[in-house]
Amino acid sequence: MRILVTGGAGFIGSHLVRRLLADKDHRVVNLDALRYSGNLDNLTDVSNHPRYAFVHGDICDPKTVEKVFKDHDIEAVINCAAETHVDRSILDPSGFARTDVVGTAVLLEQARQAKVARFLQVSTDEVYGSVKEGWSKEEDALAPRSPYAASKAGGDLLVQSYTTTFNLPAVITRGSNTYGPNQYPEKFIPLFVTNAVDDQPLPLYGDGRYRRDWLSVFDHCAAIEHIFRRGEPGGIYNIGGGNERENLAVAELILKHLGKPMSLIRFVRDRPGHDRRYAVDCRRLHALGWRPTVSFEDGLRATVDWYRSHESWWRKIKSGEFRAYYEQVYGQRLNEGSRFDVQS
Ligand code: TYD
């Protein structure tokens, strides 16, 4: 199958490109705008692969997208291209609606005209909003609370409308918090790992008792591929790791693996609108025959080791555009923040 993966130079996208290429029946075209988190260093091992092609371009541009479909005779789409970081969506929401809503609309329209066999939308559990107790089911009402989550919810609704109106054989995946190698160090785990390596403070928002369900990127991509092959057209599938943890516990584990002191933790002013907990009900995916395989302790240790052995990958990122971003989000917070108190 000739598959278009958008955002294939990003974190989840690059792992997915590699995974799809392992199947001899697939050709993969990666369309990526290479904005701040898109990074061809993530794909050096496959850049000359005979069944792989890279196109530099933006999913929001209909002409670019139309040309990719025509040039490569695309049969299926997996949309990983997105603006994904909540803190950036708080600093500047404008690009989120553009990429996550308009970009999805452009892809859907092209996919409809090309009569693709499959359209898979990579979404997020954040569209359900904060979940006090229990687990979000796929048919639950969407209640996004950050501009990021709202933009992803908008994209999901468009996908559903194309299934209903045009019979587009689309599926939506809603993954939980993903971690692993190659994740841009703005996100919680890679930020904390790389800061700790450098003995820099770890900025923990609020009381640090927020909860996320951690999913290995290897499991996440395996689930996407499984749903791509077997998902019911029009179906929505939650993907959870089954590893719900408090942020403080994750920070402690990272420090333990690195042999660094708890005194690196700083409690800092909270993120506005910070969702307390995400948790998804994955019974539908289990019934489709897939379950996660990576335990959080093993996956986190392997991730910490990857960042330790790939310093040049993240140091290049952290010395660039990232510095201004970091100062904007954390500069004042860290000045006002308080240390972790071993007694508390
Ligand atoms: P993040 O990786 O930004 O994912 P999301 O907010 O989309 O779930 O954050 C994961 C959790 O870690 C979330 O509760 C916010 C928290 N966090 C911090 O405490 N400090 C930080 O510097 C970051 C980036 C996140």
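So, what covers the buried residues of α1? The cover includes β1 (2–6), β2 (27–32), β3 (52–56), β4 (76–79), β7 (178–179) and α7 (217–230). Contact here means heavy atoms within 4.5 Å. Helices (H or I, at least four residues) and strands (E, at least two) are DSSP runs, numbered from the N terminus. Buried means under 20% relative accessible area, with a 1.4 Å probe and protein chains only. Among those buried residues are F11, H15, L16 and L21.

Before I go on: this is a predicted model, where local features need pLDDT of at least 70 and side-chain atom pairs count only at pLDDT 80 or more, while totals for chains, interfaces and linings use all residues. Residues are numbered from 1 along each chain as its sequence is written, and side-chain values use heavy atoms, leaving out hydrogens and water.

Okay, the ligand. How many residues surround the ligand? There are 20, and the closest are E126, P203, R212, R271 and Y330; to count, a residue needs a heavy atom within 4 Å. Now some polar contacts, meaning pairs of N or O atoms within 3.5 Å. H274 has a polar side-chain atom 2.7 Å from a ligand oxygen, and a side-chain N or O atom of Y330 is also 2.7 Å from an oxygen of the ligand. From F188, a backbone N or O atom lies 3.0 Å from a ligand oxygen. Taken alone, the ligand exposes 510 Å², and the protein buries 98% of that; those areas come from the Shrake-Rupley method with a 1.4 Å probe. Elements giving two or more residues to the shell around the ligand are α3 (86–91), α6 (188–197) and β8 (202–205).

On to the rings. The whole structure has 16 aromatic pairs, counted when Phe, Tyr or Trp rings (the six-membered one for Trp) have centres within 6.5 Å; planes under 30 degrees apart are stacked, over 60 edge-to-face, and the rest tilted. W214 and F296 are stacked, at 6.4 Å centre to centre and 25° between planes. W214 sits in the loop between β9 (211–213) and β10 (215–216), and F296 in helix α10 (residues 296–309), so the pair ties together parts 82 residues apart in sequence. Both W214 and F296 are buried.

Y330 comes back here too: ring pairs link Y330 with Y36, Y184, Y205, F322, Y325 and Y326 in a cluster.

Technical notes. Buried < 20%, exposed > 50% of the residue type's maximum accessible area, 1.4 Å probe, protein only. Polar contact = N/O pair within 3.5 Å; in protein donor to acceptor, adjacent residues only side chain to side chain.
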